[in-house]
Amino acid sequence: MTAFPQHLIDGYRTFTSQRLPTEQSRYRELSERGQSPAVMVIGCCDSRVSPEVIFDAGPGELFVVRNVANLVPVYQPDGGAHGVSAALEYAVNVLRIKHVVVLGHAQCGGIRAFIDKIEPLSPGDFIGRWMQMFIKPGEVVEQRDRESMQEFTVRIEKAAVFRSLENLMTFPFVRTLVERGEMSLHGAYFGVAEGSLFVLDPAAKEFHAVSEMQGSI
């Protein structure tokens, strides 16, 4: 067995010497009372897009599930294993979260693999099959006339957020609470290069830069 990555050991030591002392009481409280976050974030597993870092969240503040391209499947109560659905079920029915945020981002590898129609990376083609959740049966996703590849990519990255929000509403326990006004769904998009955050305005169906927003949406 190879040695445990040294930079992780170093990072942990920095954590225990700098951050932990200031949050020790919070960790003890969480260990005794359990977690009770008000927000669930469904994000991408891309290492550049950490919800806890982007939102400057402390321990216990966010319930996070991450996957390739921040996708939410449709409600499908069959015999299969559904990791995102399980996390969502726990967050809603056990933790009683009040907000679900789908966080998309720029330069998403999963989206690029989808639009470039890359060859399977393995015999199982796990990424290819996973990304097929993004489109509905018979739906065609193509580059528009006079649309650059960059514009096309960003449009599809944001479309993945819309589709995930749409799929969230296929879960009965989500739809019921949203319709009662007891839970809210939100979309966001993170620009990796600039560190910019865009929040979805559900009425206009457009993303607005947080840096230009006044008040809240």
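I looked up the lining of the second largest pocket by class and found seven nonpolar, four polar and three charged residues. I took Ala, Val, Leu, Ile, Met, Phe, Trp, Tyr, Cys and Pro as nonpolar, Asp, Glu, Lys and Arg as charged, and the others, Gly among them, as polar.

The model is predicted, so I note that local features need pLDDT of at least 70 and side-chain atom pairs pLDDT 80 or more, while totals for chains, interfaces and linings use all residues. Residues are numbered from 1 along each chain as its sequence is written, and side-chain values use heavy atoms, without hydrogens and water.

I read a pocket as an open set of points on a 1 Å grid over the protein atoms alone, where a 1.4 Å probe fits, with protein on both sides within 12 Å along at least five of seven lines; lining residues have an atom within 4 Å of a point. Volume is the space filled by probe spheres set on the points, which are joined across faces, edges and corners.

I then noted that the second largest pocket holds about 250 Å³. Its lining has 14 residues, with P73, V74, Q76, M133 and N167 closest to the centre. Two or more lining residues come from each of α3 (83–93) and α6 (149–168) (helices are DSSP runs of H or I, at least four residues, numbered from the N terminus). α6 has the largest share, three residues.

I turned to the largest pocket, with a volume of about 400 Å³. Among its 21 lining residues, A113, F114, K117, I118 and Q132 lie nearest the centre. α5 gives the most to this lining, five residues. By class I recorded twelve nonpolar, four polar and five charged residues.
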